[in-house]
Every structure is written in structure tokens, then in C-alpha cells.
Amino acid sequence: MNDIKKRVASCFSNVFPGIQPEEIPTASTASLAAWDSLGHVRLLASIEEEFRLQLEMDDFDELISYPLIMAYLEKRSSNE
Amino acid sequence: MTLNEALALINKQPGDGSLNVYFLVCGCQSLHLATLLQAHLLKRLPRNQVQILTGFYGDFSGNLAKAAESNATSAAVVVEWSDIDPRLGLRSSGGWSAQATQDILATCRQRLAHFRNEVRKLGARMPVAWTGPTLPLPPIGNTIRAQKSVVELDLEQQLALFQLDIAQIPGVRVINPACGDQLSSSARLDARMELLAGFPYTIPAANALASCLVEVLHQPSPKKGLITDLDETLWAGIVGEVGPEGVSWHQEHHTQTHGLYQQMLGHLADCGVLVGACSKNELSTVQAALARTDLFFNPETLFPVYASWNSKSASVAETLRVWNINEDAVVFIDDNPMELSEVQRAFPGMTCLQFPGNQPAKGWNFLGDLADLFGKPLVLEEDRLRLASIRAAAELRDIGAQASSPEFLSSLQGVVTVSWRKDPSDKRPLELINKTNQFNLNGLRIGEGDWQRSLERPETVLAVISYQDKFGPLGKIAVLAGSQCGTVLRVSSWVMSCRAFSRRIEHHTLDALFQRFNVQDIHFTFAATERNQPLQEFFHALGVAPGPEGEACISRVYFKEHCGVLPHQVSSLTE
């Protein structure tokens, strides 16, 4: 769990270099200006690469906040 | 490089390095391609900052025009079939009926003709690395995938002719996308990401593309000379044991690897590479073998040939002296690891390669390695003249001190031609500036885009000097660049090829400057480097003493009093 958090935070920092660590847990497309449509593609591509997974097209519509991304990754990890 | 590695590298780029601006021209979303391109550039230029400019999604042609008007100093252009006709991409619904495919073929002709004009404009402003389509065509033909359809072949032919055309525009380099990328075209396509975000590449494909673009835009300086061993390298066998007729390089003797190597040497020599030979042998035996008429290259191109029982490093040292080039510009090839080690110890900066022997697969890769070491975007006239002028220079050196006497120089019937044209399509001046070490005002290297930009400035002064005498032409051998400011001419770059030393061409150059610009003083932005002793000696002999900040100055009156004899005829070329 902690490992997943750390890795996701690293993806956020890589894609949004201006983000403060304390902003990450509440970050969403609504709260973070840099998280626009292209930032979204960058972030999810970064997460795909980090976790060696391929998201479905629908996932791109749904994973629009840090909590949702974490929930998705935790669920996936518990199913493995 | 992975996407996350690229992002981390970009976030760490130095905030105070000099800024290099590149334009990535594509019709897709630039997304990870821009990221990976920036990261590869930062890897290549670690002390610099890199900015990537991009255009609008879906407007490849407009982005070409935008790049040509931008302040970028290099352009990376990536075109896909869908940029030539959107119906060849995944996001279109224009259909592939027989009528539509005919229209696609006609549209492609028009679009490529339009691109040609835009690329020409872009190439006139900055170096361009161009990548043709790397993604597969949609199945628009009537054939199974294993068979090429006529439509597909027609499109590929149009593209090939187009790329052949633009490859001849100075400054435009067409990329071989297969180089260093083992991905099939279908493994390059990320259909999901294309439909989702307009970005059609898998990350490995984007990475391979970015890497290729940087490799082509920032090519290492090509090596200038190759010194080859003879026995078991230029030919199979030991000529001292089996005699000149016993050595071989032929298919029928299963020694064709040596024959291929000979052909490569001939090809490199044609491209202006100096090729010499060093062998532990009797000279007469070597001469007899090199006189054989069935060699796969012209043995006259080997200069010098040293055959003796001295150490290889002694012969290599002598070759460097004759060529008058530095060890780091030379590749030494020998089959014997001990000889390689001995030469490498004596010349740590030299590239020493072991000849792969009669192993065809390794031999084939070895030829490719040589192409990478000596390859350059353009072969210039001066490259073809190099060997003849090195031979002439060696003859001059043999004459000794007498060679610099006014009587001797006057007898050369020399003609110095000074061109004042600021021609951005002439790649020779920048090549000279970026590869000359000895007669070099300050050792500063200049990027292609920065150079082209400086030529656009009205105050820029450029003198390109060519020389010929009774020994033959040397081609363009010196460049001086700077700017005029009232009665002062400021020189920021001045280089002269070592092939042109001892002919007082540098004196003629200054004289021509004073005459053309009618200035009272010439100021030089001088810096001492490890290797610009010849330039320093010239200044010293003329009585020019650089100040503590490196600024050196000479007045018209002083120059006239101290320049001595100007032995050659001078002509000028203007706009």
C-alpha cells in the first residue's frame, strides 16, 4: 500500500513538477490546473509504465483524481 | 529510455545552462514524443537547457511553416501517412472505396509537392531531421497483408521520390527509421492512444524515434583518417611468408571479408577520408602486393604507406605528422590485439579497432561501424581535394625552410579567392569552424541553426577563402566571420585548414579585410586553446599581443608596415 502511494506520488511529481507533496492526496482534474486533458494522458501513461499495466479506454474517463487512481491500483493489486 | 526516466531528466535540467530551442513538427499530438525528444536532447547536451516548440494538432503543413518562422535553431520533423491524407489514419471516416483511393493518391501528390516547398524554406533557416512514416498504412488495398497492393506501392513510390528530393536540400537529413529500432510497424502503433488522444505511437516507438532524431541532428564529428594494417587485415595471409601472389581477398578463397574491407576503404577515400597503411614488413614486399591489379580499390589512395620493422606506434606517429591531424580524429585498424594495445597506449585518444578476421557476420557489422565513424551529412568538394593537398603539403615540408621563402611562394602561382557571400546553403564554412583546431582564433564551436541565424543579420561579415596553386586546388580552406561596427571590424571566428599553412594566406586574408571594409582596426575575440598554437604563433610573428580579456587588435597602418610580402594573386566574389 505504502509502496503504491510512493510510486503514484512519484508519477504525479514527474508529470506535474510544480505540485507540492501535500497536494497530491487530494489532487484531481478539478483541483489541479496543470491536470488538463494532455496532462491526464501524460499522468496515466506514466502510471501505466510504472505499474506495467494497460488501462482500458473507459479507465481514462474514470481515473480523474488521486483517490480514484489509488483505489483502482489497490483493487488491481489485491486481485493479483 | 522510459517515459518516467524522461520526465525525471527534464525536471532536473539545469536552470542556468544556455537555452537550445528545437521545433518538433508533427501532425499528431506531440505528447510523449516531445517529452522523449527533450530528454534525449538533454542527455546529449547535459549542461544546456532544452525547449521544444510544437505546433497545432492536425496541421502538419501549417506547423512546417510555423517552424520556419520560429526562433528555433533545429527542427525535428515527423510525418505520418495521416498527415499526407487524413483518410490514411485511424481517426478519419472518409472511406477507402476504389474512388476514394484514387483520390488519396492524387491528394498525396499535391500534398507532398506542397510539403517540398515548406521543407525548402525550413531547411534554409535551420538543420532539419526528417522522418517519413513509421506507422502502417490502413488495409486500403485488395491484397492480404503479406502482399503489397498497388495502392500501397504507389504511395511508397511517391514518398520515396519526395524523400529523395528533400534529402538533396542542404541542411535536410532524412532519417532511416529502421536504424536502432527493431520494432515492426505494427508494434509502433498504439491504436488505443491514437483514438483516445491523437498520439499514435507506443512509448518504445516514440523513444526510438526521438533517439534517432537526436542522433541525426547532433552527429559526432566524423573521423578524418584511417590507418590500416595489411597482413590479415587488408588481405588474408602474411605477405612476407606467402609472397605478394599468395595473399587473398576473394570470394573463391573464402576471404571476401577482406575484399569487402578493401571496397569500404576505397569508398571512404572517395568521400575524403585519409587512408594510410602501417605494416611490419619489408617495403618492397608490400609494394609488390599493392601493385597487384586485382585489388578492390585504388592503392594510390593509400598515403602514406609505412612498411618497416619499427613499432606500429612509431609508424602511426609518422602518419599523423604527414597528415597533420590529431590522434582523436583517426581510427587505427589491426587484426592483432597486441599491436592494437601498443598503439592505443601511445595514442589514448585514437579509436583502435580489431579487424574481425574472416568472420562474415562480424565483418558486416564492422563495415557499419566504420560508416558511423566516418559518415557525414554531406560530402563537399574539399573532401575530394584533401588527399592531393596533403600530398602537396608533404612535398612542401620536404623542401624545408626554403618553402616559406618569398621567392618560393611567388613561384607557386597561387590564387587566393575571397568570397564575401553569406550563403546559408554552403555547409563548408561551418564545417571548417567546427572541426579546425590549430589555426583557430578561439576554439568556439557553433550550432548549425545559430550559424544560419547569424548569416541573416545584416551586420554579419563573412569571408570564405579558397586557394589554388600549381600543385592544384585546395578548395575552401579558411573562414573568417565577424561584424562591422563603424571603423572597427570585430572578428569572432577565424579558422584555416592546416593544409593551407605556410603560404601566407592568413596575411592575404587580413589585407583583403582592410581593403574591403576600409576599417582602421580589426579586433579579434581571441582565446588560447590547447591546440591553437599555429594561430598564436601567427599573432606573435605579426606583433599582435592579446590583452588579458583575450581581445587582440591590429590597426591598418601597423598591418601594412609589418605584413611583409603578399605573394599571391587575389580575387573577390561578392553577392
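In which loop of chain A is the place of Ser65(A)?

Mentor: The model is a predicted one. Within it, Ser65(A) sits in the loop of chain A that runs between helix H3 (57-62) and helix H4 (66-79). Its relative accessibility is 10%, and because buried means under 20%, Ser65(A) counts as buried. Leaving aside residues up to four places away in sequence, Ser65(A) touches Ala27(A), Ser28(A) and Trp35(A).

On the side of chain B, Asn4(B), Arg192(B) and Leu196(B) supply 40% of the area that chain B buries against chain A, more than any other three residues. One salt bridge is counted between chain B and chain A. In a salt bridge, the side chain of Arg192(B) meets that of Glu48(A), at 2.4 Å from N to O. Seven residue pairs are found in polar contact across the interface of chain B and chain A, with both residues at pLDDT 80 or more.

Both chains also contribute to a nonpolar surface patch of about 240 Å², made by Met57(A), Leu90(B) and Leu195(B). Leu90(B) belongs to the loop between helix H4 (81-84) and helix H5 (98-125) of chain B, and its relative accessible area of 36% makes this residue partly exposed.

The salt bridges of the whole structure come next: a search over all chains finds 29. One of them pairs Arg87(B) with Asp103(B), whose closest N and O atoms are 2.8 Å apart. Arg87(B) lies in the loop between H4 and H5 of chain B and Asp103(B) in helix H5 of chain B, so this pair ties together parts that are 16 residues apart in sequence. Arg87(B) is buried, at a relative accessible area of 17%, whereas Asp103(B) is partly exposed, at 37%.

Another salt bridge joins Lys560(B) to Asp511(B), with the closest N and O atoms 2.7 Å apart. Since Lys560(B) lies in helix H22 (residues 556-562) of chain B and Asp511(B) in helix H20 of chain B, the pair ties together parts that are 49 residues apart in sequence. Lys560(B) is partly exposed, with a relative accessible area of 45%, while Asp511(B) is buried, with 9%. A network of salt bridges links Lys376(B), Glu382(B), Asp383(B), Arg386(B), Arg428(B), Glu431(B) and Lys435(B).

Finally, some backbone features of chain B deserve attention. Arg504(B), a residue other than glycine, has a positive phi near 65°; its place is in the loop between strand S15 (488-496) and helix H20 (505-517) of chain B. Asn518(B), likewise not a glycine, has a positive phi of about 55° and is found in the loop between H20 and strand S16 (521-525) of chain B. Arg504(B) is partly exposed at 24% relative accessibility, whereas Asn518(B) is exposed at 55%. A cis peptide bond, with omega about -5°, joins Phe303(B) and Pro304(B), and Pro304(B) lies in strand S8 (residues 302-308) of chain B.

Definitions and conventions: Residues numbered from 1 in each chain as written. Chains lettered and ligands numbered in written order. Predicted model: local features only at pLDDT ≥ 70, side-chain atom pairs only at ≥ 80, totals over all residues. Heavy atoms only, no water. Patch = residues over 30% accessible without salt bridge, like charges linked within 9 Å, V, L, I, M, F, W, Y side chains within 5 Å. Areas by Shrake-Rupley, 256 points an atom, 1.4 Å probe, with all protein chains shown as cover. Salt bridge = Lys/Arg side-chain N within 4 Å of Asp/Glu carboxyl O. Helix = DSSP H or I, 4+ residues; strand = E, 2+ residues; numbered from the N terminus. Buried < 20%, exposed > 50% of the residue type's maximum accessible area, 1.4 Å probe, protein only. Buried area = accessible area lost by both parts, 1.4 Å probe. Polar contact = N/O pair within 3.5 Å; in protein donor to acceptor, adjacent residues only side chain to side chain. Contact = heavy atoms within 4.5 Å.
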